[in-house]
Amino acid sequence: MVEAFYLKVLTEAFNNGKKPLRKIPPVIDVEGMPVLNLNHIELLTDDTGIIQHARYALPHYPEGYCTDDNARALAFAVSSDAVYPSKLGSINKELIGTYAAFMNAAFNPETRQFRNFMSYDRQWLDDGGSDDCQGRSLYALGATILNTSDSDLRQWAAVMFQTAVTSILTTSSPRAWAQALLGIDAYLSALAGDRNVQRVGDQLEERLISLFRNVQSEGWHWFENELTYDNAILPQALIARGAKNPETLEIGVNTLKWLVAQQSARAGHFRPIGSSGFYPRDGERAMFDQQPIEAAGKVSACLAAYKATEDNYWLMQARIAFAWFHGRNDIGTSIYDPQSGGCRDGLCLDRVNMNQGAESTLAYLSARLQMDVVEKRQVPIIQKTNGLARTALPTIAKNGSLPNSGVVFSGSEIAT
């Protein structure tokens, strides 16, 4: 009798285990692409901002927040809201408000610069952030000005941009200049005629061109004596400025083409410069660790070149870079996790870094959104509503047009 009782209990447990407690949304859509999953971004975001690091798919609270990632998050949120306004709705607007409020608090009116690091107990850990933080903040503000439909948010971003923009001239990082240039390009697309902003943009453009002229030589068509991180942002900024200056466009396109050659494996897949040593001129390049920001940067830059030249070569290169996230890479392993909606932090020699931090996840999401737009894909979205996941279909017209044709993604303005 006892054996029969336990057998009955085990049989019922087994049968019940085969029945899902709730319907799980699909992680692959009909085109074989992962569903656009925003759950991890929501998990990383609390009422202060987005947590910068994760342990596996869990927010790592002890390392707090940074303006760099909240700027990335704001740029992505306003861009995705412009593409999918009726589907993201109040959830995305809440995220936008959180990221914008963080940046508002990060701004130091005494220095006219943005602080970067905040502890989990909301204490600022610096008075002024890195040069790159300043450039990235200006980019996020420019993307907000161009893409938001909220007039109050646009006005806030415009005033903040105008107050902070001249401080970028005190920085020495070429990447900060490039990020700021992309923000200036977005700002002027929405608010043309601001002579002060135009003046700052002209100075930054000339600085990048001067770097290139002073450093480049036969076999080394670059701005610096080393390929390091977020490389594609440098030619991308010049491509964006090139609409008014053919020489600037030529330098941007040619340096991007050289960079593509340096980051292409013989098999044809994307192989970014590794962060464990980078690639010094006349030295050996590091193969690993490969970072998601490099793949996203190549997507943005190549799509900017595609828009500027209408050359399908650049669309192909953007596809190659994006495929890196899904396993077309040196170890044949997906970096993106469709179950959590997060992106893993890097590709190592024999494994994937399993942590899913904010920078990596936002790199994937921004690249994904750009590719969805240019490929005219209608991709289901997973997002949380009152703690439960649901699937929605974005609103992209059949002809590929967007609700806002000036949408900016990671510094790349895409018109379809």
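Among contacts in the protein chain between residues at least 6 apart in sequence, 62% join residues at least 24 apart. The model is predicted, and its protein chain comprises 13 helices and 17 strands. Of the 416 residues in the chain, 56% are buried. The chain exposes about 18000 Å², of which carbon and sulfur atoms supply 52%.

**Nonpolar core**

- The largest nonpolar core has 108 residues, and the members that touch the most others are F114, F161, L204, L256 and F325.
- Helix α13, residues 358-374, contributes the largest share of this core, with 10 residues.

- Helix α11 spans residues 292-309 and has 18 residues.
- From its first C-alpha to its last, α11 reaches 26 Å, close to the 26 Å expected at 1.5 Å a residue.
- Because 14 of its 18 residues are buried, α11 is largely enclosed by the rest of the structure.
- Just after α11, E310 takes a positive phi of about 60 degrees.
- F288 and D289 are joined by a cis peptide bond, with omega at about -5 degrees; D289 is placed in the loop between β9 (279-280) and α11.
- D282 is also found in the loop between β9 and α11, and its phi is positive, about 65 degrees, although the residue is not a glycine.
- With a relative accessibility of 80%, D282 counts as exposed, because the cut-off for that class is over 50%.

- R175 is placed in helix α7, which covers residues 174-190.
- The relative accessible area of R175 is 4%, so this residue falls under the 20% limit and is buried.
- Not counting residues up to four places away in sequence, R175 touches D132, E224, T228, Y229, D230, N231, I233 and L234.

- The structure holds 17 aromatic pairs.
- One of them joins Y65 and F102 in a tilted arrangement, 6.0 Å centre to centre and with 45 degrees between the planes.
- Y65 belongs to strand β4 (residues 65-66) and F102 to helix α4 (residues 85-106), so the pair ties together parts that are 37 residues apart in sequence.
- Both Y65 and F102 are buried.
- A cluster linked by ring pairs contains F212, W220, W222, F223, W258 and Y279.
- K257 lies over the face of Y313, at 5.6 Å from the ring centre.

**Backbone at R122**

- R122 is placed in the loop between β7 (117-118) and α5 (131-147).
- The phi of R122 is near 65 degrees, a positive value in a residue other than glycine.
- R122 counts as partly exposed, because its relative accessibility of 47% lies between the limits of 20% and 50%.

Definitions and conventions: Residues are numbered from 1 along each chain as its sequence is written. This is a predicted model: local features need pLDDT of at least 70, side-chain atom pairs count only at pLDDT 80 or more; totals for chains, interfaces and linings use all residues. Side-chain values use heavy atoms; hydrogens and water are left out. Helices (H or I, at least four residues) and strands (E, at least two) are DSSP runs, numbered from the N terminus. Buried means under 20% relative accessible area, exposed over 50%, partly exposed in between (1.4 Å probe, protein chains only). Contact means heavy atoms within 4.5 Å. The expected span of a helix is 1.5 Å times one less than its number of residues. Accessible areas come from the Shrake-Rupley method with a 1.4 Å probe; for residues, only the protein chains shown count as cover. A nonpolar core is a set of buried Ala, Val, Leu, Ile, Met, Phe, Trp, Tyr and Cys residues joined through side-chain atoms within 4.5 Å. Rings of Phe, Tyr and Trp (its six-membered ring) pair if their centres lie within 6.5 Å; planes under 30 degrees apart count as stacked, over 60 as edge-to-face and the rest as tilted. A charge sits over a ring if NZ of Lys or CZ of Arg is within 6 Å of the ring centre and within 35 degrees of the ring normal.
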